[in-house]
Amino acid sequence: MSNCFHSLIRVQRHPFERIATPFQVYSWTAPQAEHAMDCVRAEDAYTSRLGYEEHIPGQTRDWNEELQTTRELPRKNLPERLLRERAIFKVHSDFTAAATRGAMAVIDGNVMAINPSEETKMQMFIWNNIFFSLGFDVRDHYKDFGGDVAAYVAPTNDLNGVRTYNAVDVEGLYTLGTVVVDYRGYRVTAQSIIPGILEREQEQSVIYGSIDFGKTVVSHPKYLELLEKTSRPLKIQKHKVLNDKNEEVELCSSVECKGIIGNDGRHYILDLLRTFPPDLNFLPVEGEEMPEECKKMGFPKQHRHKLCCLRQELVDAFVEHRYLLFMKLAALQLMQQKANKQESSAALENGTSPENGTAESEKSESDDGKTDDNVTGLDQVKELAETIASDDGTVDPKSREVIRNACKAVGSISDTSFDIRFNPDIFSPGVRFPESSKEEVQDQKQLLKDAAAFLLSCQIPGLVKDCLDHTVLPMDGATLAEAMHQRGINMRYLGKVIHFITKTPGHAQLDHIFKIGISELITRSAKHIFKTYLQAPFPLSLPSTSESGDCDLLSFFWFLQILLKEYNFDNRHKPTFTEEDILNIFPVVKHVNPKASDAFHFFQSGQAKVQQGFLKEGCELINEALNLFNNVYGAMHVEICACLRLLARLNYIMGDYSEALSNQQKAVLMSERVLGIEHPNTIQEYMHLALYCFANSQLSTALNLLYRARYLMLLVFGEDHPEMALLDNNIGLVLHGVMEYDLSLRFLENALAISSKYHGSKSLKVALSHHLVARVYESKAEFRSALQHEKEGYTIYKNQLGEHHEKTKESSEYLKYLTQQAVALQRTMNEIYKNGSNANIVPLKFTAPNMTSVLEQLNIINGILFIPLSQKDLENLKAEVQRRQQLQESIKSGEQLEPEDRAGEEKEAEPSMPSAAIPLTQSPA
């Protein structure tokens, strides 16, 4: 009976709770659950035959053929691209699931090796048409790069290369299906099998690249043609190297990249571990002097291996930085040329020497044409560069010289246009370059040094500044790692990031980042140590340490699922965890994640429209993106979750609260499934859902959701985090709305303390916190305390915004009201003391919290501001939009707008909201 009831409950759940996710998500904690039969859940028919699938007719799939055939599907129009992307995503998710299952079977000893007589570390496996190898240096292949440590890192570098070449998506160039699985302390690489590769020796198969890190190198014209198409987007320079016979060989990749033509006639590339240039900060080279910025921070440093590469994000950021520098240099030189011409012509007309007229010409230029020159200077450079690139012979020599000088200054490989590329073989052990490339190699070495310095002098300070401004707000190690990676900073720089934080003025406001960083350092260090214990034969014997229970817990976060219960970390006489607390060891899986390109472009366009304030058009684009994402990914995906979140926000801003609630509920369910229950994004989804519940008059639900978000926040980080201030403000306001004043004050005062620490005691957020606390004290009739807090808020507004700002005036009015109430209360108290029971008491006005005003305050703290506009303001706004349209058209120099954009812009000139209110959406801190 109970089993039937259990199944009935499962059937009645929301579909999002039952639909399978495309990739498995593991939680590091789980409750103890008794196994119960579930008639809804499909059983795996071949659980007892694991390892024998390849012998069962009809059970195996030709993964390589499926992966490559889907990439060959046509992509000329939107329906074709959707069909292609759907097929690619489906095959990749299936391949990832099969590869993960196979890797676990390999480590668990359920798959027979294809070379069983060799040492365990050297064994290779084939299961379900997938090739598996272990992350060890089996034949001294990585001897010069760090041995087993390099062999452990190489698969992830290779996977990054596969991701990159897949993203470029050049027709005719194929990569292998690749999944990297960390399980029980081992790293397993799972790859699809090139047709015919197992029938030939590797030396016979490779027709491009090198099998021995540059000693013997071969090239092939077809591979050069294909790889040259990838060189511009990947910033890879075509270059020549010497082989063992001192012959020049031309390559358009690193020497390790191998080209093999399969029996199916396709051109495959593999071993893409050095797709990106080396990181010289962790690669000391004898005789090479590093830039001053690097030496100041203690670089270069010896690393455990020599495969440290710059991230693609860093390469892109560096090239963008150099492009801006190129434009500024060229614009400056053009302006100087123009000034010199004006000087000489003015001197000839007036009969004076150019020297006498210099000051006047500079003055007139700065007075009359400074703004125009600044605006048009960069456009002139762009136009000039395009003209020179077209090589139509109409450009004068002086202008060519301007571009040539700017190109040389920024390290461009061309002297007629901006084009920065990297040679990935620079500083590669064993790779030799011909004498004719000596100057080119020197330039490339300098470029790599500049990139290493750029990471330290620009990217790390930029990350810390963003954290200080709260534009980046990590809650745990994963979100900190994501923030670093987005700026191209590898995790090996985490120590430097923490060091930089300690040296930053006002580092107390970065306390949360410091704590997350230290925790992540301990976790990653513990993981490396703990890995050796995991590789030992089972049963696992935990190291009996009582020195630091926290270290034990942190090391479990990576691959162990532990029992969900209260643990005692203070007992020094027995271990915090026992073997019974370990429920499962799960794999950490890294894989290619194909993108829905058209849907993503619609989503970005929708975001841009929303940021401009055109909600209706933005909502339409986001809805279209949602349909396309569903078409490609199915019902469950992180990007669909982002779509639903933004749609819910738009629905809310446009006044459709019930639709906002519906969309946000879906976003919450999806976030729990695809990211995890305790993921920082899921916590934020709960907060948004709570706001929409409050707007729909579901007060108790809103409060429960906020309490859950707070509990998860405590679990993930703890109390002392800027996001906790936002959470506590939300909870305090809802409690104020239901007249739980004392409890409300506890949360609001805690939020005030946290905001003061992380935003500074004079920030506008702290002023708002003071106002919220004052409102609750007013409701309690404690006017003295209310006055004290509102005065603090008023002082901040006055100093930050000035006396005539609307916020300052509002605070001033509220102070007057509180003063009147305080005086009236004091008079009443005096009357009571004087006349006792005969006192003539005037009733006091106690303002019970109004739900509308509470919702307004909730909107403000969550970053949603409504600015009411008069008809005159709307007319001014319309004129401003039209003026900006004309300005954009003039800048584009007559470029024709897309029909839908033109139609959209005509609509944008009209107010988007019937309530004559323009919403401004901010990122809540």
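Quick word on labels before anything else: when I say helix I mean a DSSP run of H or I with at least four residues, a strand is an E run of at least two, and the numbering starts from the N terminus. And please keep in mind that this is a predicted model.

So, how confident is the predictor? Mean pLDDT for the protein chain is 82, with 80% of the residues at 70 or more. Residues 352–375 fall below 50, and that stretch makes 16 contacts in the model beyond its near neighbours in sequence. The other stretch I'd flag is 538–557, also under 50, where the model has 40 contacts beyond four places in sequence.

Let's start with E11, the strand at residues 267–270. Which way do its side chains go? His 267 and Ile 269 point to one side, Tyr 268 and Leu 270 to the other, and all of them are buried. E11 has a parallel partner in strand E4, residues 173–175, with three bridges; there, Tyr 174 sits opposite Tyr 268. It also has an antiparallel partner, strand E10 at 258–261, with four bridges. In that pairing, Ile 261 is bridged to His 267.

The hairpin joining E10 and E11 has five residues between the strands, and Gly 265 in it has a positive phi near 80°. On to Asp 264 and Arg 266, whose side chains form a salt bridge, N to O 2.8 Å. Arg 266 is buried at 8% relative accessibility, whereas Asp 264 is partly exposed at 29%.

That brings me to salt bridges in general. How many does a search of the whole structure find? The count is 46. Here's one I like: Asp 108 to Arg 184, at 2.8 Å from N to O. Asp 108 is in the loop between helix H4 (78–107) and strand E2 (124–127), while Arg 184 is in the loop between strands E5 (178–183) and E6 (186–192), so the pair ties together parts 76 residues apart in sequence. The Asp 108 end is partly exposed, with a relative accessible area of 33%, and the Arg 184 end is buried at 17%.

Next up, Arg 232 and Asp 419, which meet at 3.3 Å, N to O. Arg 232 belongs to helix H7, residues 221–234, and Asp 419 to the loop between helix H12 (397–410) and helix H13 (438–468), so here the parts tied together are 187 residues apart in sequence. Arg 232 is partly exposed at 49%, and Asp 419 is buried at 10%. There's also a network of salt bridges linking Arg 61, Glu 66, Lys 90 and Asp 94.

What about disulfides? There are zero in the structure.

The peptide bond going from Phe 299 to Pro 300 is cis, omega near 5°. Where is Pro 300? In the loop between helix H8 (292–296) and helix H9 (312–350).

Then there are non-glycine residues with positive phi. Asn 128 is one of them, at about 55°, located in the loop between E2 and strand E3 (130–134). Ser 697 is another, at about 65°, in the loop between helix H22 (680–695) and helix H23 (699–716). Buried or exposed? Asn 128 is buried, with a relative accessible area of 9%; Ser 697 is exposed, at 63%.

Last stop: helix H20, residues 638–653. Its 16 residues reach 23 Å from the first C-alpha to the last, close to the expected 22 Å. Most of H20 is covered, with 14 of the 16 residues buried. After the helix comes Gly 655, with a positive phi near 90°.

Terms used
Residues numbered from 1 in each chain as written. Heavy atoms only, no water. pLDDT = per-residue confidence, 0-100. Contact = heavy atoms within 4.5 Å. Salt bridge = Lys/Arg side-chain N within 4 Å of Asp/Glu carboxyl O. Buried < 20%, exposed > 50% of the residue type's maximum accessible area, 1.4 Å probe, protein only. Expected span 1.5 Å × (residues − 1). Disulfide = S-S within 2.5 Å. Pairing = 2+ DSSP bridges.
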